[in-house]
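Colleague: I'd like to learn how to read a metal site and a ligand site in a model. Can we work through one together?
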Amino acid sequence: MKALLLVDIQNGFCPGGNLPVPDGDKIVPIANALIDNGGYDLIVASQDWHPADHGSFASRHPGKKPFEMGELSGKPQVLWPDHCVQETADADFHPDLNVQAFDYVQQKGENAAVDSYSAFRDNDHLATTGLGEYLQRQGVTDLDVCGLATDYCVSFSVLDAMEMLPSVKVRFIEDASRGIDPEGIRNAISLMRAKGAGIVNSTDILSD
Ligand code: VGL
Ligand code: ZN
């Protein structure tokens with residue numbers, strides 16, 4: 001059972017959004033091609049889905065600016081621009097993404113007191129989202145992951161998938177992902193590789 005996990009391909013992370021990832025929108029046609037021709041049995045998407053007062057927003061930390069370090073519930077936290085607020089256009093999936101193909105959507109980041117980069121669990125690892133249980137129930141054996149942003153939500157999701165679903169073969173699709181910081185992207189890919197994730201491109205998958 002092969003599944004594709006599309007991480008946070010939302011307006012907020014594309015040019016024009018509140019937390020734009022450089023060229024974030026360029027992955028949309030690649031994601032659509034993978035949905036149509038990647039040979040997947042199951043298409044799953046995550047959606048960053050914050051309350052308006054989420055504690056990761058710099059606007060909640062007087063004197064702090066977006067992208068500075070701050071604290072959230074006593075832990076170091078990158079402070080972000082307000083983004084992907086529930087029920088706003090910023091939180092919608094990119095308009096060209098084939099959302100009709102989604103079998104399951106996992107929303108995350110709803111708890112204002114903790115961030116949730118991973119689609120599987122909060123950053124403090126205290127609460128799971130339910131995605132791991134869903135994939136297990138579906139009998140998923142192979143999970144390919146791509147989306148936005150490589151150095152945050154995508155790599156955190158890949159690492160958690162490997163840890164929480166040890167029998168599942170996990171791969172990161174590099175050209176179907178974009179990240180925020182070039183050095184962060186390099187470090188994230190090195191870490192995913194070191195932990196045993198496959199690193200592939202969409203062309204490897206689409207030509208199979
Ligand atoms: C993300 C920062 C804050 C992501 C989400 O989707 O990578 N990054 N919230
Ligand atoms: Zn977020």
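This is a predicted model: local features need pLDDT of at least 70, side-chain atom pairs count only at pLDDT 80 or more; totals for chains, interfaces and linings use all residues.

Colleague: Which geometry does the site of the zinc ion (ligand 2) have?

Modeller: Irregular: the angles among the four donor atoms of the zinc ion run from 88 to 169°. On the protein side, Asp48 (OD), His50 (NE2) and His83 (NE2) coordinate the zinc ion, at 2.0 to 2.2 Å. Along the chain, these donors have the spacing D-x1-H-x32-H.

Colleague: Now the other ligand. Which residues are around ligand 1?

Modeller: The list is Asp8, Phe13, Leu19, Asp48, Trp80, His83, Tyr117, Leu148, Ala149, Tyr152 and Cys153. By class, that shell splits into eight nonpolar residues, two charged and one polar.

Colleague: What are the polar contacts of ligand 1?

Modeller: Look for N or O pairs within 3.5 Å. Aspartate 8 has a side-chain N or O atom 2.7 Å from an oxygen of ligand 1. Histidine 83 puts a polar side-chain atom 3.1 Å from a nitrogen of the ligand.

Colleague: How much of ligand 1 does the protein bury?

Modeller: 100% of the 260 Å² that ligand 1 exposes when taken alone. As for where ligand 1 sits, that's the largest cavity.

Terms used:
Residues are numbered from 1 along each chain as its sequence is written. Chains are lettered from A and ligands numbered from 1 in the order in which they are written. Side-chain values use heavy atoms; hydrogens and water are left out. A residue is near a molecule or strand if one of its heavy atoms lies within 4 Å of it. A polar contact is a pair of N or O atoms within 3.5 Å; within protein, one must be able to donate a hydrogen and the other to accept it, and residues adjacent in sequence count only if both atoms are side-chain atoms. Accessible areas come from the Shrake-Rupley method with a 1.4 Å probe; for residues, only the protein chains shown count as cover. On a 1 Å grid over the protein atoms alone, a cavity is a set of points where a 1.4 Å probe fits but cannot get out, and a pocket is an open set with protein on both sides within 12 Å along at least five of seven lines; lining residues have an atom within 4 Å of a point. A molecule sits in a cavity or pocket if more than half of its atoms lie within 2 Å of its grid points. Ala, Val, Leu, Ile, Met, Phe, Trp, Tyr, Cys and Pro count as nonpolar, Asp, Glu, Lys and Arg as charged, and the others, Gly among them, as polar. Donors are N, O and S atoms within 2.8 Å of the metal (3.2 Å for Na, K and Ca); water is not among the atoms, so sites may look incomplete. Four donors count as tetrahedral if all angles lie between 85 and 135 degrees; four count as square planar and six as octahedral if opposite donors are over 155 degrees apart and all others between 65 and 115; anything else is irregular.
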